[in-house]
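Below is a short briefing on the pockets, cavities and charged pairs of one protein model. The sequence and structure come before the notes.

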Amino acid sequence: MTKIKFGTDGWRAIIAEDYTVENVKRVAAGTAIWMKANDAAQVVIGHDARFGGELFAHTTTRVMGAYGMKVKLAKGFVSTPMVSLGVVKTGSDLGVVITASHNPPSYNGFKLKSKLGGPMIPAQVAEVESHIPNTFDRDLPTLQEMEAQGLLEYVDLEQIYVDHVTDSFDLESIRNADFKIAYDAMYGAGQNALRRLLPDAVLLHCDYNPSFMGQAPEPIHRNLGELSALIKNDPSIGLGLANDGDADRIGMYDEDGNFVDSHHILLLLLLYMHEYKKQTGKVVVTFSVTEKMQELAKQFGLDIEVTKIGFKYIAEIMAQEPVLVGGEESGGLAVSGHIPERDGIWIGLTIMEFMAKTGKSIKELIQEVYDRVGSFAYDRDDLHLTEAKKQSIIKQCQEGSLKAFGPYQVEHVEDIDGFKFYFGGSRWVMIRPSGTEPVLRVYAQAPEHGEVREILDATHKALLG
């Protein structure tokens with residue numbers, strides 16, 4: 001019997017090792033038991049384009065049927081935001097997404113979505129986890145039996161999503177703008193919706209390939225060389241957009257094929273939503289996001305809150321009060337006017353609309369941001385270490401023994417979630433173990449890209465010798 005634990009964003013495990021039909025039954029059973037205890041009766045279930053997605057979604061559906069739950073089951077693969085939106089649009093109590101998001105192709109996972117259309121709050125996830133049985137041996141109904149009993153209905157979540165987007169954006173101005181869009185689906189679940197919304201986009205990796213060609217579908221620069229090169233070789237392309245495996249995260253490129261990180265996208269979103277669209281609300285970012293967001297929010301007179309790492313903490317606040325912009329460093333971003341959920345396609349369209357409405361390029365809009373808060377650069381390294389070495393480094397951080405990283409002297413440290421070492425002058429490095437992968441993440445910011453690399457290299461040397 002394997003003890004099943006939910007991480008930063010759901011349960012994830014390697015297919016055929018811990019991620020098996022039997023363990024999915026157990027997790028589904030724990031979810032159904034939680035639903036019964038909380039007077040919940042209807043769940044939306046969908047899967048992304050990963051290997052075994054349909055099998056595991058059908059398994060989850062049948063377990064729900066064994067507990068008398070009504071299931072709205074997606075047709076074909078769908079993105080996580082489609083399931084989250086589907087929960088709201090169908091008036092359901094819960095959403096389940098069979099996905100491992102940006103993890104390597106050997107993984108699959110199980111995400112829980114609240115009735116508000118965002119991640120289930122951590123306290124409720126812990127309750128579900130506590131209900132997961134050690135074994136599961138109930139007889140399961142077939143899908144056909146569930147349909148006959150009125151416990152199963154198939155829903156077109158992609159159509160619901162496309163209709164919602166069409167009602168919410170000026171797609172005509174985006175489609176008629178004087179720049180082309182290049183889109184890399186990374187073989188993920190956003191491919192069909194984007195193709196429908198922007199039929200003239202230049203498409204990469206928009207076919208069904210559950211192996212992702214062996215590449216983890218994480219939309220970061222080192223995984224998107226083909227998209228960057230495409231943009232550099234085609235001056236008519238004004239924006240590059242990429243999504244992860246379940247299309248809730250975003251990667252972006254400017255007209256020169258340069259990567260635009262999430263810090264810059266968040267600043268652009270705040271500028272557009274408040275300064276141009278005249279909307280207001282709270283700003284919520286995770287601990288790894290640049291402090292430039294706090295500077296811009298202060299300029300605009302908006303409240304800002306910094307949370308632990310994980311979009312679920314942002315979603316929890318979005319469920320309680322009006323949030324204008326929320327986001328995390330890893331590409332999970334949200335804005336008001338949508339569900340309290342990160343959504344890579346939605347955020348991409350928001351930036352495209354900003355460009356179309358102003359007639360400005362991404363570089364020109366970023367310069368507007370720099371004129372307000374100053375320029376900066378950022379990067380992140382993922383260190384694959386032994387667990388012993390990882391724990392040794394975390395202990396050093398906890399004990400306060402790290403006073404300098406090469407020539408960079410530590411002025412002060414923050415430890416909301418991980419450890420952020422400030423050097424002054426918009427320079428910092430942050431160290432944090434991943435909540436979903438066996439890696440240590442090292443983040444850095446400085447005024448220029450070259451210095452960011454120097455800080456990261458100095459940090460590696462200080463930590464690893």
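## Salt bridges, pockets and cavities

Asp9, Arg12, Lys111, Asp246, Asp248, Glu328 and Arg342 are joined in a network of salt bridges, a salt bridge being a side-chain nitrogen of Lys or Arg within 4 Å of a carboxyl oxygen of Asp or Glu. The model is predicted, with local features needing pLDDT of at least 70 and side-chain atom pairs counting only at pLDDT 80 or more, while totals for chains, interfaces and linings use all residues. Residues are numbered from 1 along each chain as its sequence is written, and side-chain values use heavy atoms, with hydrogens and water left out.

**Salt bridges**

- The whole structure contains 32 salt bridges.
- Arg342 pairs with Glu328, with 2.2 Å between the closest N and O atoms. This pair links distant parts of the chain, 14 residues apart: Arg342 is in the loop between E15 and H13, and Glu328 is in the loop between strand E14 (323-327) and E15. Helices (H or I, at least four residues) and strands (E, at least two) are DSSP runs, numbered from the N terminus.
- Arg342 has a relative accessible area of 3% and is therefore buried; Glu328, also with a relative accessible area of 3%, is buried. Buried means under 20% relative accessible area, exposed over 50%, and partly exposed in between (1.4 Å probe, protein chains only).
- Lys113 forms a salt bridge with Glu341, with the closest N and O atoms 2.8 Å apart. Lys113 lies in strand E5 (residues 107-113) and Glu341 in the loop between strand E15 (333-335) and helix H13 (344-358), so the pair links parts of the chain 228 residues apart. Both Lys113 and Glu341 are buried.
- Lys282 and Glu305 meet through their side chains in a salt bridge of 2.6 Å, N to O. Lys282 is in strand E12 (residues 282-286) and Glu305 in strand E13 (residues 304-307), 23 residues apart.
- Lys282 counts as buried because its relative accessibility is 14%, whereas Glu305, with a relative accessible area of 29%, is partly exposed.

**Cavities**

- There are two cavities of 30 Å³ or more. On a 1 Å grid over the protein atoms alone, a cavity is a set of points where a 1.4 Å probe fits but cannot get out, and a pocket is an open set with protein on both sides within 12 Å along at least five of seven lines; lining residues have an atom within 4 Å of a point.
- The largest cavity has a volume of about 230 Å³, where a volume is the space filled by probe spheres set on the grid points, which are joined across faces, edges and corners.
- Its lining has 23 residues, of which Thr8, Arg249, Ile309, Glu328 and Ser330 are the closest to the centre. Helix H12 (311-318) and strand E22 (440-446) each supply at least two lining residues.
- By class, the lining of the largest cavity divides into four nonpolar, nine polar and 10 charged residues. Ala, Val, Leu, Ile, Met, Phe, Trp, Tyr, Cys and Pro count as nonpolar, Asp, Glu, Lys and Arg as charged, and the others, Gly among them, as polar.
- The second largest cavity holds about 100 Å³ of space. Residues lining this second cavity include Thr8, Asp9, Lys111 and Lys312; the lining divides into five nonpolar, three polar and three charged residues.

- The largest pocket has a volume of about 540 Å³. Of its 28 lining residues, His221, Phe259, Tyr378, Asp379 and Arg380 are the closest to the centre.
- Elements that each supply at least two residues of that lining include helix H9 (225-232), helix H10 (262-276) and helix H16 (449-464). The lining of the largest pocket has nine nonpolar, nine polar and 10 charged residues.
- The second largest pocket holds about 340 Å³ of space. It is lined by 17 residues, and Asp254, His264, Ile366, Tyr370 and His449 lie nearest its centre.
- H14 gives the largest share of the lining of the second largest pocket, four residues. By class, this lining has eight nonpolar, five polar and four charged residues.

**His338**

- His338 is in the loop between E15 and H13 and counts as buried because its relative accessibility is 14%.
- Leaving aside neighbours within four places in sequence, His338 is in contact (heavy atoms within 4.5 Å) with His164, Asp343 and Trp346.
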